[in-house]
Amino acid sequence: QGHGDGAAGHRRTAVDMNRALFPALRRTVNGFPAAYLDAPGGTQLPETVINAMAEAARRGLCNTGGYFPPSAEAEEIVSAARLAAADLLGCTPREVVFGQNMTSLTYAVSRTLSRSWEPGSNIVLSRSDHDGNVTPWIQAAEDRGVQVRWLDIDPRDGCRHDLSRLHQVLDERTRLVAATLASNATGTLTDVKGIVDGAHAAGALTYLDAVHFAPHRLVDVREIGSSFLVCSAYKFFGPHVGLLYGDERILDSHAHFRLRPTPAIGPEAWEPGTQPYAHLAGITAAVDYIASLGAGHSRRARLVDAFGRIGEHEAALASRFLSRLGDADGFRIVGVHGVDGRTPTFALDIKRVSPHAVARKLGDQGIFVWSGHFYAWELVHRLGLDKKGLLRVGAVHYNSEEEVDRFADALVQCLHSG
């Protein structure tokens, strides 16, 4: 047995062990094993996350600030979740804000930051982003009389941003630049460091969407240097909660929309109302689950190692997809055509057949994929595919090469049968 075969066999064993931790992966549909290739729309939960949330509920959930054990336990849950999120993002717990989801957090930040925008200033948005990182800023700009400028993509270059034009849209009146670390539609990675550096050089704040990036790559907010970064736990094997990183100085100086009894500074100033404590327990468990896939003396070190291993497996999945379907008829891949510069998420422009019809046929065979625009509103319009939409297949580390093969076989059969 060659070295490559041994590595592949070890990887398959690790995948099988991880898959056993996810109860949802044991589901069947019409006698077919379920293949969750819908990860860009949300990931499944490992048993440890489910148990952590259930145990928090079983013990009794009470609000913080009381003089009795369940209240003190709620405070411990919040503190633990903030520390876990900080380890995941590479920041301090004081820079982590929890919210309902990424979109709700973005609305809150957009309304807060835009208070200081003056008519005649401008913001820069990206055409590759989920609409949750676009429309809130457009609406805030309209309310303040601020110009919206666009950082375009190049469809001929894997839908990457055309950073050669960045200097053309930035000037001394630019107040904010919003962009994504990875497209939730095509999987294309963004050179966010170049965007952040250019924006900050112009004196603008930056707001980055890491929702699609977070389950695939290690986030390091210190290295990226962004003013803000947002993600969602349900995309990295946790519950439906949004996480916001904010530079501590900016958070403390912009906490305008808060109730009078809440703290004037710190993350709590950005968290109106009662937090979902059971869900926050799930965040800690989700981060611990990812960390358990790696080795190291600290949770952050284990996360670094875990994402290295995740990246190796996901690269193998992407390679398998491209080898099976790279030259197939009946569709074209929208985005990067290689393994590098992308996540294992693929957008397919289906010819002759509706992508919705294909998704329905695959779903009947237990293969779960998405069809439509995926809220990548600007992207599908830029590509001229807003009327038809795309077929999207996306994997994470609990997916297997066998599932990729099942999808490839079923897709070819669907396209040939019409």
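Me: At what distance from the ring centre does Arg127 lie over the face of Trp150?
Reply: In this predicted model, a charge counts as sitting over a ring if CZ of Arg is within 6 Å of the ring centre and within 35 degrees of the ring normal. Arg127 lies over the face of Trp150, and its distance from the ring centre is 4.3 Å.

Me: Over the face of which residue does Arg392 lie?
Reply: Arg392 is placed at 4.3 Å from a ring centre, and the ring belongs to Phe374.

Me: Is the aromatic pair of Phe321 and Phe407 stacked or edge-to-face?
Reply: The centres of the two rings, Phe321 and Phe407, are 6.0 Å apart, with 20° between the planes. Because planes under 30 degrees apart count as stacked and those over 60 as edge-to-face, the pair formed by Phe321 and Phe407 is stacked.

Me: How many residues apart in sequence are the parts that this pair ties together?
Reply: Phe321 is buried, as is Phe407. Since Phe321 belongs to helix α11 and Phe407 to helix α14 (residues 401-417), the pair joins parts whose separation in sequence, in residues, is 86.

Me: At what angle do helix α10 and helix α11 pack?
Reply: Helix α10 (residues 277-292) and helix α11 (residues 299-325) have their axes 7 Å apart. Their contact includes Val287 and Ile290 of α10 together with Leu303 and Phe307 of α11, and its residues divide into seven nonpolar, one polar and three charged. The angle at which α10 and α11 pack is about 65°.

Methods
Residues are numbered from 1 along each chain as its sequence is written. This is a predicted model: local features need pLDDT of at least 70, side-chain atom pairs count only at pLDDT 80 or more; totals for chains, interfaces and linings use all residues. Side-chain values use heavy atoms; hydrogens and water are left out. Axes are lines fitted to C-alpha atoms, for helices over the stretch in contact, and angles run from 0 to 180 degrees between N-to-C directions. Helices (H or I, at least four residues) and strands (E, at least two) are DSSP runs, numbered from the N terminus. Contact means heavy atoms within 4.5 Å. Ala, Val, Leu, Ile, Met, Phe, Trp, Tyr, Cys and Pro count as nonpolar, Asp, Glu, Lys and Arg as charged, and the others, Gly among them, as polar. Rings of Phe, Tyr and Trp (its six-membered ring) pair if their centres lie within 6.5 Å; planes under 30 degrees apart count as stacked, over 60 as edge-to-face and the rest as tilted. Buried means under 20% relative accessible area, exposed over 50%, partly exposed in between (1.4 Å probe, protein chains only).
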